[in-house]
Amino acid sequence: RVGPDRGTEFVERARLHAETVRRAEALAALNETSRLISARLHLPAVLATISRSVNSLIGSVGCGIGLLSADGSTVEHAAAQGFRTGERRTLSTPLGAGIIGRVAETGTPLRVDDVQGDPRSLDPTVDAREDIRSMLAVPLRVGESVIGVIAAYSREPGYFSRREETLLEAFAEQAAIAIQNARLYREAQRR
């Protein structure tokens, strides 16, 4: 016979076990994705691998990557994955404007539970056509410098939690290094 304290203990152990398994799976996925992106030096291939990896890593339906322009005034589209239309592939955002521009300017992640109701959205019609409801955007950093933004999207309001944010931030650190390495390789090849 199991007493009330014993039953609670079993439930808590099961919860802790499930959390441990989930964290181990997330770390394994993060490690594998980091390995994949670090193995490439061709910038378009690195960007494509990153955008595909984000969707599988945190369960988003779409991912966009924007990199700062040479003069640092805009975040220019660099890669996208999982979108229905081509509109996301051509977006350019002034630094500080909208969700993406704000993340690039401040270097602080933003989680938006309902993009369609958020006044920071620069183009709500594109969001509506893509049926995007929630968004998670994190900066890409090399050292102290922000070089761009990774944004993940979901068709479910409130999809992203602190867990996905932490995971995407960790991934963005590795992704930024891979992007920087690919840029340096490209520059060396031009010489």
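Two strands pair if DSSP finds at least two bridges between them. Helices (H or I, at least four residues) and strands (E, at least two) are DSSP runs, numbered from the N terminus. The model is predicted: local features need pLDDT of at least 70, side-chain atom pairs count only at pLDDT 80 or more, and totals for chains, interfaces and linings use all residues. Residues are numbered from 1 along each chain as its sequence is written, and side-chain values use heavy atoms, with hydrogens and water left out.

**Exercise 1. Strand pairing**

Task: Determine which strands β6 pairs with, and in which sense.

Solution. 
1. Between β5 and β6 there are nine bridges, and the pairing is antiparallel. Ser134 has Ser154 of β6 as its bridge partner.
2. These two strands form a hairpin with two residues between them. In the turn, Gly143 has a positive phi of about 65 degrees.
3. β1 and β6 also run antiparallel, joined by six bridges. Here Gly62 is bridged to Tyr153 of β6.

**Exercise 2. Burial and the nonpolar cores**

Solution. 
1. Buried means under 20% relative accessible area, exposed over 50%, and partly exposed in between (1.4 Å probe, protein chains only).
2. A nonpolar core is a set of buried Ala, Val, Leu, Ile, Met, Phe, Trp, Tyr and Cys residues joined through side-chain atoms within 4.5 Å. The largest one has 28 residues, and Leu140 and Ile150 have the most contacts inside it.
3. The largest share, nine residues, is that of α5.
4. A second, separate core has 16 residues, including Ala80, Met135, Ala137 and Val149.
5. In a regular strand the side chains alternate between the two faces of the sheet.

**Exercise 3. Two individual residues**

Task: Classify Ser51 and Asp131 as buried, partly exposed or exposed, and describe the setting of each.

Solution. 
1. Ser51 belongs to helix α2. Its relative accessibility is 1%, so Ser51 counts as buried.
2. Contact means heavy atoms within 4.5 Å. Leaving aside residues up to four places away in sequence, Ser51 touches Cys63, Ile65, Ala79, Ala80 and Gln81.
3. Asp131 is in the loop between α4 (124-130) and β5. Its relative accessibility is 31%, so Asp131 counts as partly exposed.
4. The phi of Asp131 is near 60 degrees, a positive value in a residue other than glycine.

**Exercise 4. Aromatic pairs**

Solution. 
1. Rings of Phe, Tyr and Trp (its six-membered ring) pair if their centres lie within 6.5 Å; planes under 30 degrees apart count as stacked, over 60 as edge-to-face and the rest as tilted.
2. Phe83 and Tyr153 are 5.3 Å apart centre to centre, with 70 degrees between the planes, an edge-to-face pair. Phe83 lies in the loop between β2 (74-81) and β3 (92-94) and Tyr153 in strand β6, so the pair ties together parts that are 70 residues apart in sequence. Phe83 is buried at 12% relative accessibility, and Tyr153 is buried at 3%.
3. For Tyr159 and Phe160, the ring centres are 5.0 Å apart and the planes at 90 degrees, so this pair is edge-to-face. Tyr159 is partly exposed at 26%, whereas Phe160 is buried at 4%.
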